[in-house]
Amino acid sequence: MKLSLTWKEEEEGVAVFRQFGKEFCRIFVYATEEGTAELLLGPSPKLEALKEKAVSKLRKCIVLLDTALKKDGFTEYYFVAEERSPAAGIFHALDLAGEVERAYSEFMLKRIPKKEEGIKEQNLSIEQSEQEILCTRADEEGLFSCRIRPYRDGCYIYGVSVREDMRGKGIGTAAMKELLARIDELPTAAAMGGLYLQVGSYNKPAMRLYQGLDFKAETEFVYYRRIPGETRKML
């Protein structure tokens, strides 16, 4: 019996694959920007049990995904898998088969909050909404910004940005140091648990910055690129 693809009605962005009327695997789809999405393979014991055959089965899933995502306007998408996980092994095999292409990897960094030394100047504006916290430089609009939301046992810092014409001048470092020193102004969960952020392995300056602020690499995620309908010709 052929695989069928349905979208889970009660959850947005969940592709459910069924065979013989039973769920075979599910893939979570997150739109990241116009025309691009990130996909995570959900817990799939039935798929992993197939071992070598899992690759050919997932290739059939990809064909169905291509049609659905292309119809929704996506021109490319990325499968994301934790390095050395069963899912990464499957996507690595798909990479060798030319179905996807390993594009890059990112590290999830973690820092345990601790008491920081006092800061002489407070330049950050910290504003909290229902879903996230926005931090910006209060003295000059657009100079620095980042966002924070609850994550695991603490909070996740993302969208860290310094205005392009002011990069390399220590503004990001100073802003992050101030943010860490004012951690008590964040929700209780952030102060009690860990601080997390994700950075590309290719972004050496950012990696040096965060490591200098005592962030430690916890997990590596690999991104495999897929263009709907395209298979690379292997030599």
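Modeller: Happy to. Of the 235 residues in the protein, 42% are buried. Keep in mind that this is a predicted model.

Biologist: Thanks. How many helices and strands does the protein have?

Modeller: There are six helices and twelve strands.

Biologist: And what share of the contacts with a separation of 6 or more comes from residues 24 or more positions apart?

Modeller: Those residues account for 60% of the contacts with a separation of 6 or more.

Biologist: Let's turn to helix α3. Which of its residues are buried?

Modeller: Helix α3 spans residues 86-96, and its buried residues are A87, A88, I90, F91, L94 and D95. They lie on the same side of α3, because they cover an arc of only 160° around the axis.

Biologist: What does the face turned away from that buried side carry?

Modeller: The face of α3 turned away from the buried side carries the exposed residues P86 and L96.

Biologist: And what covers the buried residues of α3?

Modeller: The cover includes the helices α1 (45-49) and α2, along with the strands β4 (36-41), β5, β6 (101-111) and β12.

Biologist: At what angle do α2 and α3 pack?

Modeller: The angle is about 75°, and the two axes are 10 Å apart. Angles of 65 to 115 degrees count as roughly perpendicular, so that is how α2 and α3 are placed relative to each other.

Biologist: Which residues meet there?

Modeller: From α2 you have A54, V55, L58, R59 and I62, and they meet I90, F91, A93 and L94 of α3.

Biologist: What follows α3?

Modeller: G98 follows α3, and its phi is positive, near 85°.

Biologist: New topic, then. How many salt bridges does the structure hold?

Modeller: Eleven. One of them pairs R226 with D66, with the closest N and O atoms 2.5 Å apart. R226 lies in strand β12 (residues 216-226) and D66 in helix α2 (residues 52-71), so this pair ties together parts that are 160 residues apart in sequence.

Biologist: Are R226 and D66 buried or exposed?

Modeller: Both R226 and D66 are buried.

Biologist: OK. What about R147, which residue does it meet in a salt bridge?

Modeller: The side chain of R147 meets that of E132, at 2.5 Å from N to O. R147 sits in strand β9 (residues 144-151), while E132 is in the loop between β7 (124-128) and β8 (133-137), so the parts tied together here are 15 residues apart in sequence. R147 has 33% relative accessibility and so counts as partly exposed. E132 is partly exposed as well, with a relative accessible area of 21%.

Biologist: And which residue does E218 form a salt bridge with?

Modeller: With R152, where the closest N and O atoms are 2.8 Å apart. E218 belongs to strand β12 and R152 to the loop between β9 and β10 (154-162), so the pair links parts 66 residues apart in sequence. E218 is partly exposed, at a relative accessible area of 38%. R152 has a relative accessible area of 52%, so it counts as exposed.

Biologist: Which residues do salt bridges with shared partners join into one network?

Modeller: That network consists of R59, D66, E99 and R226.

Biologist: I'm also curious about E76. Where is its place?

Modeller: E76 is in strand β5, which covers residues 76-82.

Biologist: Why does E76 count as buried?

Modeller: Its relative accessibility is 17%, and buried means under 20%.

Biologist: Which side chain does a polar contact join to that of E76?

Modeller: The side chain of R225, at 2.7 Å. Leaving aside residues up to four places away in sequence, E76 touches G35, T36, A37, R225, R226, I227 and P228.

Biologist: Last one: where does T136 sit?

Modeller: T136 is in strand β8. It is partly exposed, with a relative accessible area of 23%.

Biologist: What does T136 touch?

Modeller: Not counting residues up to four places away in sequence, T136 touches N123, L124, S125, F144 and S145. The C-alpha atoms of T136 and V162 are separated by 9.9 Å, and these two residues are 26 residues apart along the chain.

Biologist: Great, thanks for the tour!

Key
Residues are numbered from 1 along each chain as its sequence is written. This is a predicted model: local features need pLDDT of at least 70, side-chain atom pairs count only at pLDDT 80 or more; totals for chains, interfaces and linings use all residues. Side-chain values use heavy atoms; hydrogens and water are left out. Helices (H or I, at least four residues) and strands (E, at least two) are DSSP runs, numbered from the N terminus. Buried means under 20% relative accessible area, exposed over 50%, partly exposed in between (1.4 Å probe, protein chains only). A polar contact is a pair of N or O atoms within 3.5 Å; within protein, one must be able to donate a hydrogen and the other to accept it, and residues adjacent in sequence count only if both atoms are side-chain atoms. Contact means heavy atoms within 4.5 Å. A salt bridge is a side-chain nitrogen of Lys or Arg within 4 Å of a carboxyl oxygen of Asp or Glu. The arc is that of the directions from the helix axis to the C-beta atoms. Axes are lines fitted to C-alpha atoms, for helices over the stretch in contact, and angles run from 0 to 180 degrees between N-to-C directions. Angles under 35 degrees count as roughly parallel, over 145 as roughly antiparallel, 65 to 115 as roughly perpendicular and the rest as oblique.
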